[in-house]
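Please look at the sequence and the 3D structure below before reading on. The report then goes through some of the parts one by one.

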Amino acid sequence: MGSSNGLVNANAKRPVFSFGVISDVQYADIPDGRSFLGVPRYYRHSILVLQRAVRKWNEHQSLKFVINFGDIVDGFCPKDQSFKAVKKVVDEFEKFDGPTYHMIGNHCLYNLSRDKLLPQLKIPGSDGCAYYDFSPSPGYRIVVLDGYDISAIGWPEDHPNSQQALRVLQEKNPNSDKNSPEGLVGPDRRFLMFNGAVGTQQLEWLDCILQDATKLNQKVLVCCHIPLDPGSSSCAALLWNYDEVMSVIHKYNCVKICLAGHAHKGGHSVDSHGIHHRTFEAALECPPGTDAYGYIDVFDDSITLVGTDRMCSTEMIFNP
């Protein structure tokens with residue numbers, strides 16, 4: 001007895017699991033402002049977007065967890081209020097009836113050093129590293145990358161990771177302001193101080209995780225604050241070594257989707273290997289009364305992002 005309406009059948013499918021998503025809350029108790037490009041930013045309103053998201057996620061009742069894609073507070077947050085502001089936003093996430101998994105973004109690191117930030121966000125990791133993985137169901141693995149592993153922000157100035165990042169910027173960006181992409185063309189526009197890279201050790205770790213997932217026949221979702229594909233983001237918001245990360249990912253067939261924040265407009269692309277890349281629209285850029293958050297239904301053969309308001313719903317079918 002097949003229904004003639006394929007959609008009814010599709011919707012009747014039960015997800016393997018579902019989880020909430022939000023990105024770039026960038027809260028600060030300061031008047032509204034604008035980005036470098038003049039896009040309005042609503043610093044006080046963004047926490048209201050998060051509050052509405054948490055209410056909605058709790059009403060849904062079958063969300064297993066939430067992933068926050070970084071930039072929990074804004075870089076303009078007065079430094080003496082940073083700790084309090086991060087705690088305030090973390091407390092809102094805690095009102096969700098389940099765990100929240102955080103990742104670090106550049107704005108998090110403008111406010112607090114890694115040693116203060118990681119415990120606040122309950123990020124598992126050692127020696128200040130913020131990459132980890134977990135398995136929400138036997139057939140799935142979620143990998144959270146640390147896009148500021150090699151970075152000129154967040155590490156002490158004399159730290160090797162900081163030194164390496166400064167060398168990259170020196171070599172790749174001729175501007176005296178290392179956050180200016182002036183004169184840089186295409187993907188070279190990514191060599192800015194507010195981006196970063198995944199270090200060698202983390203790349204090796206990723207390789208081992210993907211090997212393991214392949215053995216266990218698991219499908220993998222990769223999450224990173226910084227986008228990994230030029231098609232899903234402006235070139236100025238890409239991970240410095242997105243190509244290296246993707247060449248590790250492309251060695252295996254287990255990764256189905258890469259999710260990111262950071263590029264506030266959002267985006268979606270499918271790369272040469274059929275992997276979906278979805279960058280989330282920012283909560284920070286929602287004018288009062290509008291929203292950008294959602295939840296993801298994970299199936300065996302696809303993923304559906306059910307977005308609210310400014311976050312576009314997206315159906316992503318896996319490459320067989």
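This is a predicted model: local features need pLDDT of at least 70, side-chain atom pairs count only at pLDDT 80 or more; totals for chains, interfaces and linings use all residues.

Residues are numbered from 1 along each chain as its sequence is written, and side-chain values use heavy atoms, with hydrogens and water left out.

**The annotated span**

UniProt, in an unreviewed entry, lists residues 18-265 for "domain: Calcineurin-like phosphoesterase". Its positions are given here in the numbering of this model, with feature names shortened, and such annotations may be inferred rather than shown by experiment. In the model, the span 18-265 is 31% helix and 17% strand, and its end C-alpha atoms lie 24 Å apart. Helices (H or I, at least four residues) and strands (E, at least two) are DSSP runs, numbered from the N terminus.

**The sheet**

An open sheet is formed by six strands with mixed pairing, in the order β5-β4-β1-β12-β13-β14. Two strands are said to pair if DSSP finds at least two bridges between them. β5 (100-102) and β14 (314-317) each have a single partner strand and stand at the edges, so one side of each lacks a neighbour in the sheet. From one strand to the next, the twist averages 20°; axes are lines fitted to C-alpha atoms, for helices over the stretch in contact, and angles run from 0 to 180 degrees between N-to-C directions.

| Strand pair | Sense | Bridges | Residues facing each other |
|---|---|---|---|
| β1 and β12 | antiparallel | five bridges | F17 and V298 |
| β12 and β13 | antiparallel | seven bridges | A292 and D309 |
| β13 and β14 | antiparallel | four bridges | L305 and T314 |

β12 and β13 form a hairpin, with three residues between them. Six of the seven residues of β12 are buried, so the rest of the structure largely encloses this strand. Buried means under 20% relative accessible area, exposed over 50%, and partly exposed in between (1.4 Å probe, protein chains only). Helix α2 (residues 46-60) lies across β1 (17-22), β4 (63-68) and β12 (292-298), and runs at about 30° to β12.

**Helix α6**

Helix α6 covers residues 160-172; at 1.5 Å a residue its 13 residues should span 18 Å, which agrees with the 18 Å between its end C-alpha atoms. The expected span of a helix is 1.5 Å times one less than its number of residues. N161, S162, A165 and L169 are the buried residues of α6. They cover an arc of only 100° around the axis, which puts them on the same side of α6; the arc is that of the directions from the helix axis to the C-beta atoms. P160, R167, Q170 and E171, on the other side of α6, are exposed.

**Helix α7**

The 16 residues of helix α7 (residues 200-215) reach 23 Å from the first C-alpha to the last, close to the 22 Å expected. The buried residues of α7 include Q202, L203, W205, L206, D207, I209, L210 and A213. Among the elements that cover the buried residues of α7 are β6 (132-137), β7 (140-144), β8 (219-224), α8 (242-249) and β9 (255-260).

Q211 also lies in α7, but Q211 is partly exposed, with a relative accessible area of 40%. Q211 and K251 are 40 residues apart along the chain, and their C-alpha atoms are separated by 9.4 Å.

**Residues in loops**

D271 is found in the loop between β10 (267-270) and β11 (276-279). With a relative accessible area of 10%, D271 is buried. Leaving aside residues up to four places away in sequence, D271 touches D229, M246, H250 and H277, where contact means heavy atoms within 4.5 Å.

Most residues other than glycine have a negative phi. Q26, in the loop between β1 and β2 (33-34), has a positive phi near 45° and is buried at 0% relative accessibility. D71 has a positive phi of about 60°. D71 lies in the loop between β4 and α3 (82-94) and counts as buried at 1% relative accessibility.
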